[in-house]
Amino acid sequence: MEKLKITDVRAIPGDSAFLIDDGKTSVLYDTGFAFTGYQVADNIKKELGERNLDYIFLTHSHYDHALGSAYIARRYPAVKVVAGAYAEKIFAKPSARVVMRDLDRKFATTCGVSDYEDLIDELRVDICVQDGDVVEAGDMRFTAVNLPGHTRCSVGYYLAEKKLLLSSETLGVYLGEDTVLPSYLVGYGMTLESIQRVEALSVDCVLIPHFGLLNKEQTKHFLKKSKQVALEVAEEIKSILLAGGTCEDAEQFFRDKYYTEAVKPTYPEAAFQLNTSIMVRLIEQELL
């Protein structure tokens, strides 16, 4: 296998789209928003030239990770879209597409974009993966690793030969230096189990959604920090609720402490508020 080149092809900081290329086969790891989809495709074109994009690996079905795939597939119709089997079910649900469309348009407006082509109904999955399935992308052999917790469809992709993990937000939202935010939206306990699954792998480098590639030292720190903040935030929320506080009180605490100026550019406010309310109620259900 040739040396991998990993390129940030995002259009804006809140996007999540990174191109993995060994010189023969190319894989796009997540695809970003709908309103930036064509811009991401343009950035891919700059890197690949006349070569085709071979695969899209989606970590989960959320709008800021998956919607761009429809636009990129318009430019690269032969590309194979890979995702967890549960993500395919989500894409097929009209109610889910309504939520994704609404969140995308809200953030597009925040970014000054008011009009763009709507291709959300063209979302597709060509290769559905279960835990342990191997996707052979040319000489690269990626093993799917189910990492539920952020969503039920969250999946990572492990390239054993390079000890590289294409991560999932179940492990946390990494925003540089010491900033990691937990993001367990469907299961707190299952999030901790997913973190333990990754700890059991031989991982030297992690590719993080919305951020990029971490080196060996950064990876070690991130994995330690992701577990630490997952536990800490759960205890903070639990303490507020046990002391007689409401879910709204816990949400406000989380917002005041974690929605900092460093976080705002890459974490849309509407998504942060929605995710926070879900997390608080999840902790209430699981720990109280």
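1. K5 is partly exposed, at 48% relative accessibility. In this predicted model, K5 forms a salt bridge with E47, and the closest N and O atoms of the two are 3.2 Å apart.

2. A salt bridge joins K24 and D139, with 2.5 Å between the closest N and O atoms. The two residues link distant parts of the chain, being 115 residues apart: K24 sits in the loop between strand 2 (18-21) and strand 3 (26-29), D139 in the loop between strand 7 and strand 8. K24 is exposed, with a relative accessible area of 52%. D139 counts as partly exposed at 40%.

3. Strand 7 (residues 134-137) pairs with strand 8 (residues 140-146) in the antiparallel sense, over 4 bridges. Within this pairing, R141 of strand 8 stands opposite E136. The hairpin has 2 residues between the strands, and G138 takes a positive phi near 65° there.

4. T143 has Y158 in strand 9 as its bridge partner.

5. Helix 6 (residues 188-199) consists of 12 residues and spans 17 Å from its first C-alpha to its last, close to the 16 Å expected at 1.5 Å a residue. Its buried residues are Y188, T191, L192, S194, I195 and V198. These lie on the same side of helix 6, because they cover an arc of only 160° around the axis. The elements they pack against are strand 8, strand 10 (164-166), helix 7 (216-242) and helix 9 (269-287).

6. D204 and K216 form a salt bridge in which the closest N and O atoms are 3.9 Å apart. D204 lies in the loop between helix 6 and strand 13 (205-208), and K216 lies in helix 7, so the pair ties together parts that are 12 residues apart in sequence. D204 counts as partly exposed at 22% relative accessibility. K216 is exposed, with a relative accessible area of 56%.

7. E284 is found in helix 9. With a relative accessible area of 35%, E284 is partly exposed. Its contacts, leaving aside neighbours within four places in sequence, are L241 and C247. E284 and D204 are 80 residues apart in sequence, and their C-alpha atoms are 35 Å apart in space.

8. On the salt bridges as a whole, the count comes to 24. Among the residues involved, R97, R101, R105, D118 and D121 are joined into one network by salt bridges that share partners.

Key
Residues numbered from 1 in each chain as written. Predicted model: local features only at pLDDT ≥ 70, side-chain atom pairs only at ≥ 80, totals over all residues. Heavy atoms only, no water. Pairing = 2+ DSSP bridges. Expected span 1.5 Å × (residues − 1). Buried < 20%, exposed > 50% of the residue type's maximum accessible area, 1.4 Å probe, protein only. Arc of directions from axis to C-beta. Contact = heavy atoms within 4.5 Å. Salt bridge = Lys/Arg side-chain N within 4 Å of Asp/Glu carboxyl O.
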